[in-house]
Structure formats: C-alpha cells, structure tokens
Amino acid sequence: MAERGMTAEDLEHATGIPVESLAIWMSPEGIIRADTSLTNLIALCRLFGVSAAYLLGTSDERGVPAAYAPPRDFCKRLPAVLAKYRKTLPLTIRRTRLTSTHIRVWKTGGEPLASDILTLCAYLGCSPDELM
C-alpha cells in the first residue's frame, strides 16, 4: 500500500474490502494472509496490477493480474485443472488438507480462501494464477 501512496481507507474505497479486514489480513511483511477470500484476492491483484503468485508470496515476479474467472465458478474449473496435472478430486482430498466439505461449499458457490489456493498449488506444482 505504501508503495502506491495509499492509506487503508483508500484501499477500502478502491476494493470494497473493509479496513478492519485489511488490517487482519496483512502480515508484517506485507503479504496477504491465508484467510483472504478469492474475491478479495482478485480485487487486490487488479488494484495493484500484480499476479496472485506475487501477492501471495510464491513468486518474486510482479507479473500482471490474469483475466480471473468469477470466484463462484472456481469449483467448475477445478476438474479441468486437476486433469491437466493427472489428478482426481478424490486423490486430491486424500493427499491434501482439503476435505469433501471444502468441495461441497465450493459447489454451492462458496469461495476458496487463499490458503486453499496455496494448498492446491503446492500439491499440483502450479501457480495460484492458474487456479484462479
């Protein structure tokens, strides 16, 4: 935020994310914490003009924000990404901290958190931007 000369209030106005949430999510290192929703993560990527990988601290390259799909469609896109890496949903659930409850929530339009995205990235060996 300081890099762009923005206050927390400016960021709230630009993204719609309440100042209280911003204060909770931001680590001392300036990296977005794991409990950030996908909608808010996308809003921050677009505002700062950086990739999700950069914002989540998995890449030192600033990148550019991708043309992210609507967060509510995350679960619809997930099988194709898993197939690309020759993984299945049941295997993913067994080998990660994700549960069938996560999938049920996503299927009903719930959003994954940044920690869920990072879990999937670590398992698949892909970038957060590819999942989003």
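Modeller: Start with a rule for helix pairs. Angles of 65 to 115 degrees between axes count as roughly perpendicular. Keep in mind that this is a predicted model.

Colleague: At what angle do the axes of helix H1 and helix H3 cross?

Modeller: Take H1 as residues 8-15 and H3 as residues 38-48. Their axes come within 10 Å and cross at roughly 110°. H1 and H3 are therefore roughly perpendicular to each other.

Colleague: Which residues make the contact?

Modeller: H1 supplies Leu11, Ala14 and Thr15. H3 supplies Ala43, Leu44, Leu47 and Phe48. Sorted by class, the contact of H1 with H3 has 6 nonpolar residues, 1 polar and no charged ones.

Colleague: Now a single helix. How do I read its sides?

Modeller: Here is the general idea. An α-helix has 3.6 residues a turn, so residues three or four places apart point the same way.

Colleague: Which residues of helix H5 are buried?

Modeller: H5 spans residues 74-84, and its buried residues are Phe74, Cys75, Leu78, Val81 and Leu82. They cover an arc of only 100° around the axis, which puts them on the same side of H5. Lys76, Ala80, Ala83 and Lys84 are exposed on the other side of H5.

Colleague: What covers the buried residues of H5?

Modeller: The cover includes H3, helix H6 (89-95), helix H7 (100-107), H8 and helix H9 (128-131).

Colleague: Let's end on one residue. Is Thr119 buried or exposed?

Modeller: Buried means under 20% relative accessible area. Thr119 has 17%, so Thr119 is buried. Thr119 lies in helix H8, residues 114-124. Leaving aside residues up to four places away in sequence, Thr119 touches Thr96, Arg97 and Leu98.

Note on methods: Residues are numbered from 1 along each chain as its sequence is written. This is a predicted model: local features need pLDDT of at least 70, side-chain atom pairs count only at pLDDT 80 or more; totals for chains, interfaces and linings use all residues. Side-chain values use heavy atoms; hydrogens and water are left out. Helices (H or I, at least four residues) and strands (E, at least two) are DSSP runs, numbered from the N terminus. Buried means under 20% relative accessible area, exposed over 50%, partly exposed in between (1.4 Å probe, protein chains only). Contact means heavy atoms within 4.5 Å. Axes are lines fitted to C-alpha atoms, for helices over the stretch in contact, and angles run from 0 to 180 degrees between N-to-C directions. Angles under 35 degrees count as roughly parallel, over 145 as roughly antiparallel, 65 to 115 as roughly perpendicular and the rest as oblique. Ala, Val, Leu, Ile, Met, Phe, Trp, Tyr, Cys and Pro count as nonpolar, Asp, Glu, Lys and Arg as charged, and the others, Gly among them, as polar. The arc is that of the directions from the helix axis to the C-beta atoms.
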